[in-house]
Each structure stands twice: as structure tokens, then as C-alpha cells.
Amino acid sequence: MTEKPYVRGWLAAACALLLAACGNGSDSAGQADAGPTTPAALSFRVAGNAPAGTPWHAQWERFEASIREQPESGLDPQMFVTGQLGNPDAALANTRRGRVQVGGFPLAGAATVVPELNMLLVPFLFENEAEVDYVLDNHLLSAFEDLFREKQLVLLQWVDAGWNNLYGSESLATPTAVSGKALRSQPTIASQVFLESLGADTIPMGYAEVLPALQTGLIKGGESVTPMYLVGGLVGEASHLTLTRHAYDSGVIVANRTWFEG
């Protein structure tokens, strides 16, 4: 998906509201002569788990820069986007509670709150990236906005993650090679069912557990988008990557609903 202007849109709306609240329409002549005032800084916390050097980290840098370019808004983002506020599950829970105001999360993590997201990871649902873009942006964004609102969240935009592929310490180029192997699945229904259908010994786990599991031999491979396979160090423990492109993985950027609407 190309980066959409949703974030700029809601920031512009917030700026307008803040500036309106700080107008100079007071009855006091002294205050009127003082000219326009700058609103007090509206500080908010932004959580993510984007490793430095990845496209997702670069997107957060653009997010912050676009806000800093509008100092008159008074918005002051506090960026914790490399995991400082905990794993995605913890950060998502804190976003729902309002301890974090904006966050970016993988589809697998967000699906624990909005289970309908699992359908987006059904194997071979999409044929190519253009189809993914068209369906998500033109048909599913509004539908999922309603589902997220029910969970105290506002869906701001989708984020590309890429195609899921199989990786292993040995080649997994055929279904027979997958059968009987201890493979990590994402903690989503679609991922588990896909690997189980191939006869794998499926072990669901979060991403942070994958590298130690490979090193100890608990698993012999799994599925991952290619960027995380590389930057996460998995290639050193499981050097065989099979380009199955069986599911297109996405992420979401969301805001706490109470904070956003307030």
C-alpha cells in the first residue's frame, strides 16, 4: 500500500481544534492586543516495535517529522517505536487503556483484539500487491474502522509488511519436506491451520521467541515476511528461504479512541 494521508488528515483536524481553542476572541482589550497565542504542548505517546533500519522505522520518522513541521499545532509526540514500551501485545493493551495514545502493530497482534483480521492471512487469498491495495483501501478500511471502534481504537491506516514465506534449517520446497517438521506459526488461526494442513508440527509463538527457539532446536523453521527474516537474524540459523508467498501480511496504525475523539 502506498502511504495514505490519513495521519496528516487527523493531525490537521487536531491542529485546527487546538488553534480555535486558543483564539483571541476574549472581551479583554489587553488580551486582544496580545495577538495570537501558541497552544500548550499536547504530548502523546507513540508505541511500536520497528527495528532501526527497516521501512517501518523510517515511516515512524516521517510521522514525527510531519508533526514537528507544524509547531503551531502544539502537538508533541513522544516516540517509543523500537519496543521500549514492551512487546506488541503489551503496547496494544496499553493503547486500548489510554496509557499509549498512538501505536503501530502487526496483524497477528491486532487480530487478538479484532479477530476478523485473521481472514486477511488466509493462504493464497490475494494474487498480488495491487489486489491487496485495492481490496484493503477501497473495501475493507471502512468495515474494519467500525470493528476497531468497538474495541476502543481508531484505525488510522494499514501498513505493508510483505509476503509471508517459509524458512528452515533445511529446504522446505515441497509439502513433503514440511510434513513432520517442528515449525513456528504466527499466533493467528490462519497461520496455524495452514501449517497444520501441510502436516507440520506447529508451534505458535511470538516473534521475540523465534530466534532462541531456532538456536535451541525447539523449531526447525517457520513462516515470516522477508524483511523480518533478514533483520531478525533468522537467516543465520535457518538459511533456507522458500518463496511460497502464501499470505500477504499487513500491520495497522491505531489511536486510542477516547484520546482521539477528545
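Which element gives the most to the lining of the largest cavity? The model is predicted, so local features need pLDDT of at least 70 and side-chain atom pairs count only at pLDDT 80 or more, while totals for chains, interfaces and linings use all residues. Residues are numbered from 1 along each chain as its sequence is written, and side-chain values use heavy atoms, with hydrogens and water left out.

Two cavities of 30 Å³ or more turn up in a search of the whole structure. A cavity is a set of points on a 1 Å grid over the protein atoms alone where a 1.4 Å probe fits but cannot get out, and its lining residues have an atom within 4 Å of a point. Grid points are joined across faces, edges and corners, and the volume is the space filled by probe spheres set on the points.

The largest cavity holds about 60 Å³. Its lining includes Leu 121, Pro 123, Asn 164, Phe 194, Glu 223 and His 246. Two or more lining residues come from each of α8 (189–197) and β8 (240–256), and α8 gives the most, with three residues. Such helices (H or I, at least four residues) and strands (E, at least two) are DSSP runs, numbered from the N terminus. By class, this lining has five nonpolar, five polar and one charged residues. Nonpolar here covers Ala, Val, Leu, Ile, Met, Phe, Trp, Tyr, Cys and Pro; charged covers Asp, Glu, Lys and Arg; the others, Gly among them, are polar.

The second largest cavity has a volume of about 30 Å³. Leu 107, Leu 120, Phe 126, Val 132, Leu 136, Tyr 248 and Ser 250 line this cavity, with at least two residues each from α6 (129–149) and β8. Its lining has six nonpolar, one polar and no charged residues.

Key: 1 Å grid on protein atoms, 1.4 Å probe; cavity = no way out; pocket = protein on both sides within 12 Å on 5 of 7 lines; lining within 4 Å.
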